[in-house]
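Hi everyone, thanks for making time today. Let me put it up on the screen.

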Amino acid sequence: MPIYWMLAHGRGTPVEASFLRAIDSIEASEWNRLAGTDYPFLRHEFLAALERTGCASAQSGWLPRHVVLRDDDGRLCGLAPLYLKSHSMGEYVFDWAWAGFWEQHGQAYYPKFLTAVPFSPCSGPRLVADPALPAESRIEIADSLAAVITGVAEQNDVSSWHILFPDPATADACRSRGLLTRHGWQYHWFNHDYADMDAFLASLTSKRRKNIRRELRLVREQGIEFEVLEAEDITPEHWRMFYGFYHATYMKRGQVGYLNLDFFLELSRTMPEHLVLILARRGREPAGAALCLRSATTLYGRYWGCIEDVDCLHFATCYYEGIRYCIQRGLQRFDPGVQGEHKIARGFLPVATESFHWIADPAFRPPLERFLEEESRMVDAVRDRLAAHSPYRQAEEPGSSPTSPSPA
């Protein structure tokens, strides 16, 4: 049922706002009409796979509360993924210290509202308006979504609302409402129309080129060969094999993966066209695998696992084979996942990311502003240092990275 009515578009048009307790409360075609189907992580099918398999649920601490707006004709005009969180795991923008700060002052940080895609630190749309609306109306819809979420948070003693890895349109809407901004960075590879892998390697400095060739040679000398499977070519047997790798890698660290086998099988059933599985084999025996998702322009490296201790296997499977795939398919960008300065030596460059934060209690805002200002200076200094160690030859420097990666 709708939470309440509000005015949007600045012209008194009535808009119904409602919170969905499950993504399956709305038809996939209706959600995807706004969210699109190219950026894989906001597709109804992706979010539904997380919920149907229990990966995003009350039990896992990801309680769905997705927001939808409808105009007076009942037509969907805005949406935002939203979760009521009881912890901060699986987010990749770390706020454990914030929770401790709340506790020190006798208040509860959890539950909090989170607008993000569970376990997926990939920048993309977060406050989404009907793309058929005029630009001015889309801005007002995004602002209305923010107003709905913060209003309900205030009414229900939710400490805060966090928007992670937003696209530029969502970031602008958050800034216009005065939300706190937090800066970070990732490492992405950009395709400059390389004809093949050798052309990419030729753009690197001699030191970096020789190191990559050495690592690739080490993998070959250990008898490793690669097979790339896409879409329906990935069979249930492949999925069971991959999940064994994925699960074993977490177990080595004494942890349990966020995702289960049913989740991967559900993705294979509902959105196979986005899936790229890179298998590493020694002869006929599997040694490891990396699962990527793709859009029309971007490869997203997401999940990895292995059962054999093979020197440089992770670099070759998760980075070099992904780069090779992008070159062969003409993709423009490769986002291999968060963290890892070691990626720079392998052709990836630091790019800025942002998150935005609304705080219910105004007394907490000034200390957080000071914290974020200090953190931002540190982030800028680290990114400047990293940028100075580009692996590319000066004459062929790929150029400045985008402030916010494209969602596509």
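Let's start with a pair of helices, α8 and α9, which cross in a right-handed way. Bear in mind throughout that this is a predicted model. Helix α8 covers residues 236–252 and helix α9 covers residues 261–270; their axes are 10 Å apart, and the packing angle is about 140°. That angle makes α8 oblique to α9. By class, seven nonpolar residues, one polar and one charged make up the contact of α8 with α9. If you want to find them on the screen, α8 brings Trp-239, Arg-240, Phe-242, Tyr-243 and Tyr-246, and these meet Leu-261, Phe-264, Leu-265 and Ser-268 in α9.

Now a second pair, for those of you who like helix geometry. Helix α3, residues 96–104, and helix α11, residues 365–387, have axes that come within 12 Å and cross at roughly 150°. How are α3 and α11 oriented to each other, roughly parallel or roughly antiparallel? The cut-off for roughly antiparallel is over 145 degrees, and α3 and α11 are therefore roughly antiparallel. The crossing of α3 past α11 is right-handed. On the α3 side we have Trp-98, Phe-101 and Trp-102, meeting Pro-367, Leu-368, Phe-371 and Leu-372 of α11. Sorted by class, that contact has seven nonpolar residues, with no polar and no charged ones.

A quick look at helix α2 next, residues 44–52. Eight of its nine residues are buried, so the rest of the structure largely encloses this helix. The buried set in α2 runs through His-44, Glu-45, Phe-46, Leu-47, Ala-48, Ala-49, Leu-50 and Glu-51. After α2 comes Gly-54, with a positive phi near 80°.

Since we're on backbone angles, which residues other than glycine have a positive phi? One of them is Tyr-92, at about 70°. Tyr-92 sits in the loop between β6 (83–85) and α3, and with a relative accessible area of 26% it is partly exposed. Another is Ala-231, where phi is near 50°. You'll find Ala-231 in the loop between β11 (224–230) and α8; at 17% relative accessible area, Ala-231 is buried. The cut-off for buried is under 20%.

One more backbone item: the peptide bond joining Tyr-110 and Pro-111 is cis, with omega about 5°. Pro-111 belongs to the loop between α3 and β7 (112–115).

On to a few single residues. Let's begin with Gln-186 in strand β10, residues 180–190. Is Gln-186 buried or exposed? Its relative accessibility is 1%, so Gln-186 counts as buried. Leaving out residues up to four places away in sequence, Gln-186 touches Pro-121, Phe-165, Asp-335, Val-338, Leu-349, Pro-350, Val-351 and Thr-353. Its side chain also makes a polar contact of 3.0 Å with the side chain of His-188. For a sense of distance, Gln-186 and Asp-73 are 113 residues apart along the chain, and their C-alpha atoms are separated by 42 Å.

Next is Glu-321, in helix α10, residues 313–329. With a relative accessible area of 8%, Glu-321 is buried. What does the side chain of Glu-321 pair with? A polar contact of 3.3 Å joins it to the side chain of Arg-324. An α-helix has 3.6 residues a turn, so residues three or four places apart point the same way. Beyond four places in sequence, Glu-321 touches Phe-226, Ile-278 and Ala-316.

Last one: Gln-332, in the loop between α10 and β15 (333–335). Setting aside neighbours within four places in sequence, Gln-332 is in contact with Trp-189, Phe-190, Asn-191 and Thr-297. From Gln-332 to Leu-299 it is 33 residues in sequence, and 8.3 Å in space from C-alpha to C-alpha.

That's my tour, and I'm happy to go back to any part of it.

Technical notes:
Residues are numbered from 1 along each chain as its sequence is written. Side-chain values use heavy atoms; hydrogens and water are left out. Helices (H or I, at least four residues) and strands (E, at least two) are DSSP runs, numbered from the N terminus. Buried means under 20% relative accessible area, exposed over 50%, partly exposed in between (1.4 Å probe, protein chains only). A polar contact is a pair of N or O atoms within 3.5 Å; within protein, one must be able to donate a hydrogen and the other to accept it, and residues adjacent in sequence count only if both atoms are side-chain atoms. Contact means heavy atoms within 4.5 Å. Axes are lines fitted to C-alpha atoms, for helices over the stretch in contact, and angles run from 0 to 180 degrees between N-to-C directions. Angles under 35 degrees count as roughly parallel, over 145 as roughly antiparallel, 65 to 115 as roughly perpendicular and the rest as oblique. A crossing is left-handed if the near helix is turned anticlockwise from the far one by less than a right angle, and right-handed if clockwise. Ala, Val, Leu, Ile, Met, Phe, Trp, Tyr, Cys and Pro count as nonpolar, Asp, Glu, Lys and Arg as charged, and the others, Gly among them, as polar.
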